[in-house]
Amino acid sequence: MRTLVTLAAVLSLSACSAGKVLEPVESNFLSNGLEQQIRVEPVSAELDNSGEVFNLKSTLVNRGSAPVTVRVVTCWLDPKEHLRADVELVTRAIPSCIPEPNVVTLAPGQASRTLWFIGQFDRPGRHTVHVRHALDPQFWGEIIVRAR
């Protein structure tokens with residue numbers, strides 16, 4: 001509930017000429033049997049009537065045939081450490097951390113908890129966003145998003 005109140009308060013601030021993500025987009029990135037699923041979608045109109053704010057979610061899935069141990073991000077995706085883009089990513093709200101150990105073992109087919117970023121692009125255009133959810137082994141998943 002605290003996250004929703006914080007989100008609503010932060011979303012009430014307006015931004016000039018921000019890019020609007022009009023429809024959901026998904027991307028899957030596979031590295032050594034570990035799949036990163038990334039999804040970007042606009043937040044609901046009830047929370048953002050400007051249409052400029054989006055959710056970016058990341059989940060890791062073990063696609064291999066044996067358990068895999070991975071060190072993961074355990075809090076929100078911080079744009080300074082876990083997101084890279086060809087455009088400025090403006091953070092709109094910061095959810096609380098997830099009470100999960102930093103090192104997890106995923107059985108075959110098992111998924112990690114979903115992590116997210118709530119923000120907006122500083123301008124319209126076609127943007128490539130790189131997401132680092134796995135810290136060890138480290139890799140960056142990629143998603144291309146169009147904002148108008």
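Predicted model: local features only at pLDDT ≥ 70, side-chain atom pairs only at ≥ 80, totals over all residues.
**View 1. The disulfide between Cys75 and Cys97.** The structure has one disulfide, and here it is: Cys75 is joined to Cys97, with the two sulfurs 2.1 Å apart. Cys75 sits in the loop between S4 and S5, while Cys97 belongs to the loop between strand S6 (89-93) and S7, so the bond ties together parts that are 22 residues apart in sequence.

**View 2. The open sheet S7-S4-S10.** Have a look at these three strands, which pair in the antiparallel sense. Strand S7 (103-106) and strand S10 (134-136) are at the edges with a single partner strand each, so one side of each has no neighbour in the sheet. On average, neighbouring strands here are turned by 55 degrees against each other, ignoring direction. Strand S4 (residues 68-72) and S7 are paired through four bridges. To find your place in that pairing, look for Thr69, which stands opposite Thr105 in S7.

**View 3. The open sheet S5-S9-S11.** Here is another set of three strands with antiparallel pairing. The edge strands are strand S5 (83-85) and S11, each of which pairs on one side only. Neighbouring strands in this sheet are turned by 25 degrees against each other on average, again with direction ignored. Strand S9 (residues 125-131) runs antiparallel to S11, and seven bridges join the two.

**View 4. The largest pocket and its lining.** Which residues line the largest pocket? They are Leu22, Glu23, Val25, Ile144, Val145, Arg146 and Arg148. The space inside comes to about 150 Å³. Strand S11 (residues 141-147) gives the most to this lining, with three residues. Sort the lining by type and you get four nonpolar residues, three charged ones and no polar ones.

Definitions and conventions. Residues numbered from 1 in each chain as written. Heavy atoms only, no water. 1 Å grid on protein atoms, 1.4 Å probe; cavity = no way out; pocket = protein on both sides within 12 Å on 5 of 7 lines; lining within 4 Å. Points joined across faces, edges and corners; volume = space filled by probe spheres on them. Nonpolar A, V, L, I, M, F, W, Y, C, P; charged D, E, K, R; others polar. Pairing = 2+ DSSP bridges. Axes fitted to C-alpha atoms, helices over the stretch in contact; angles between N-to-C directions. Disulfide = S-S within 2.5 Å.
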